[in-house]
Amino acid sequence: MKDVSNTASKPARLAIYPRKRPSPVRDGAVAKSRRSPPRRTPRAPELQRIRDAQLLSRVRDSRLLEQDYRYDILRYMHDMEQCTMSSATSMDQQPEIRWHMRPCLVDFLVEVHLTFRLRPETLYLTLNIVDRYVSRRIVYIKHYQLVGCAALWIAAKFEDAKDRVPTVHDLAQICREAYDESAFIQMEHHVLDTIQWIVGHPTAEAWLRLACCDSLVEDTKTQHVARFLMEITLFYREFVTFASSAIATGALLLARYTCGKQRRPFEETDDALQIVEFLDNHLATHSHELSETLVKKYSFSYYSKASTHILQFYLEGRRFCRHPMPSLPPITPFHGREGYGSSPLSCVSTPISSSTSSESDDMPVTPTSPCIGDPFSTVAVAAADDKENILPPSMQMHAMQHQHHSPTKHVSDDPSVPPLVFPVAPGAVTFGRPKLNEINRAAPARVPPTPRTANVH
């Protein structure tokens, strides 16, 4: 058997089995990385949590509203809101249209809006265009639905993406061929001429988004409940006279109350409280008359089951309770005394003269209300070195004589603190600012002493 050397067999082997291309990983130039674990698809709750975190980060980055132009934008929105409001009084003078027909039209528009998956602003803008048109033109019953479809078409072109705007053919099919396709085009042109081509309007949805950004971020459920309440206001006449900003504020106020949130006094304006009262009375007495389309729309988990939450709240017999806010009493700052200069209420106190009081002042002294500890407590401590709190000699004598017959009010357990010189009425429990004012009014007027003349002998 012929011996074959290794060198002779090497070219043959290379011809049959060619050398592999150099690999930096195989040759050791690059360290081999470990195989990454398979990527796990997040579940629905995790996706929702991720979306909320992304939305929160966008809000913190102020992408929804530029901070430099915030107040200019808000002022422009308020001005535009007043210019694009409708008149309920003019709508009352329609010869054929009545207010009980409005829920039917709104229910129809809500269903069409949900079918084409349009933006929330489109629905509010649609009703605003309808109301402005009806305020200026006489509309007959047979054209009422046509006006609503034309307004929805205009609002969708203004707010939504192009691929979601319904076509004329779609509108004709929705109305079951009650109108020709040319009728929608003619009505669109007539509506735009009537509102003078002023389509833009700051809707309640826009105001709600502004109210829920920056440091006042609301959770998803509260926002959905507020949107459900805002869409309820589209059905009834009582809310037509209110501005969109007031409707958004009132809906958010009631939504926060039903969700158990804390009160925010700056939201409790007169218009907002009136809107809350209308909504609360209507939901408590006529909750069974709500639109089935609207209730079904907000019963899905996508809207946090907002309609179920509101109906359960009122079916249990609960109502909105308006608690009066405590009023801040006027407090006069002290005369540069240490320990009182850094009072948090100094910014709202009654200003006084910067000059210190003395016995030789010709101007009348400024009354003060010194407080120790809680500035809102109903007990006032009289300082001995305050000129304003020293009684005239006649009243001091009267008080000293009266102390033997009526008990006095002590404001501290410390024996070094003197009791109040004013007598306590029999049966009185507390001694507050109103009672003090009554005593001050009942006190005799201070008569300046008559100067004595020296006798010259």
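Tutor: A crossing is left-handed if the near helix is turned anticlockwise from the far one by less than a right angle, and right-handed if it is turned clockwise. Keep that in mind for this predicted model.

Student: What share of the chain's residues counts as buried?

Tutor: Buried means under 20% relative accessible area. The chain has 457 residues. The buried share of them is 35%.

Student: What part of the contacts with a separation of 6 or more joins residues 24 or more positions apart?

Tutor: Take the contacts in the chain with a separation of 6 or more. Then pick those between residues 24 or more positions apart. Their part is 70%.

Student: Are α10 and α11 roughly parallel or antiparallel to each other?

Tutor: Helix α10 covers residues 204-211, and helix α11 covers residues 220-232. They pack at about 155°, and their axes are 11 Å apart. Angles over 145 degrees count as roughly antiparallel. Therefore α10 and α11 are roughly antiparallel.

Student: Is the crossing of α10 past α11 left-handed or right-handed?

Tutor: Use the definition from the start: clockwise means right-handed. The crossing of α10 past α11 is right-handed.

Student: How many charged residues does the contact of α10 with α11 have?

Tutor: From α10 come Ala-204, Glu-205, Leu-208 and Arg-209. From α11 come Gln-223, Ala-226, Arg-227 and Met-230. By class, four are nonpolar and one is polar. The charged residues number three.

Student: Why is α6 roughly perpendicular to α9?

Tutor: Helix α6 is residues 120-136, and helix α9 is residues 181-194. Their axes lie 9 Å apart. Angles of 65 to 115 degrees count as roughly perpendicular. So what makes α6 roughly perpendicular to α9 is the packing angle, about 75°.

Student: Which residues of α9 does α6 meet?

Tutor: On the α6 side are Ile-129, Tyr-133 and Arg-136. By class, the contact has four nonpolar, two polar and one charged residues. The α9 partners are Met-187, His-190, Val-191 and Thr-194.

Student: At what angle do α12 and α15 cross?

Tutor: Helix α12 runs over residues 244-258, and helix α15 over residues 306-315. Their axes come within 11 Å. The two helices are roughly perpendicular, because they cross at roughly 70°.

Student: How many nonpolar residues does the contact of α12 with α15 have?

Tutor: The crossing of α12 past α15 is left-handed. Leu-254, Tyr-257 and Thr-258 of α12 touch His-309, Ile-310, Phe-313 and Tyr-314 of α15. Two of the contact residues are polar and none is charged. The nonpolar count is five.

Student: Is Tyr-303 buried or exposed?

Tutor: The whole structure has 10 aromatic pairs. Tyr-302 and Tyr-303 form one that is edge-to-face, with 5.1 Å centre to centre and 90° between the planes. Tyr-302 has 63% relative accessibility, so Tyr-302 counts as exposed. Tyr-303 has 19%, which means Tyr-303 is buried.

Student: Which residues do ring pairs link into a cluster?

Tutor: Tyr-302 and Tyr-303 both belong.

Student: How far is the C-alpha atom of Arg-117 from that of Asp-160?

Tutor: Arg-117 sits in the loop between α5 and α6. Its relative accessible area is 58%, so Arg-117 is exposed. Arg-117 and Asp-160 are 43 residues apart along the chain. Their C-alpha atoms are separated by 9.6 Å.

How values were computed. Residues are numbered from 1 along each chain as its sequence is written. This is a predicted model: local features need pLDDT of at least 70, side-chain atom pairs count only at pLDDT 80 or more; totals for chains, interfaces and linings use all residues. Side-chain values use heavy atoms; hydrogens and water are left out. Axes are lines fitted to C-alpha atoms, for helices over the stretch in contact, and angles run from 0 to 180 degrees between N-to-C directions. Helices (H or I, at least four residues) and strands (E, at least two) are DSSP runs, numbered from the N terminus. Angles under 35 degrees count as roughly parallel, over 145 as roughly antiparallel, 65 to 115 as roughly perpendicular and the rest as oblique. Contact means heavy atoms within 4.5 Å. Ala, Val, Leu, Ile, Met, Phe, Trp, Tyr, Cys and Pro count as nonpolar, Asp, Glu, Lys and Arg as charged, and the others, Gly among them, as polar. Rings of Phe, Tyr and Trp (its six-membered ring) pair if their centres lie within 6.5 Å; planes under 30 degrees apart count as stacked, over 60 as edge-to-face and the rest as tilted. Buried means under 20% relative accessible area, exposed over 50%, partly exposed in between (1.4 Å probe, protein chains only).
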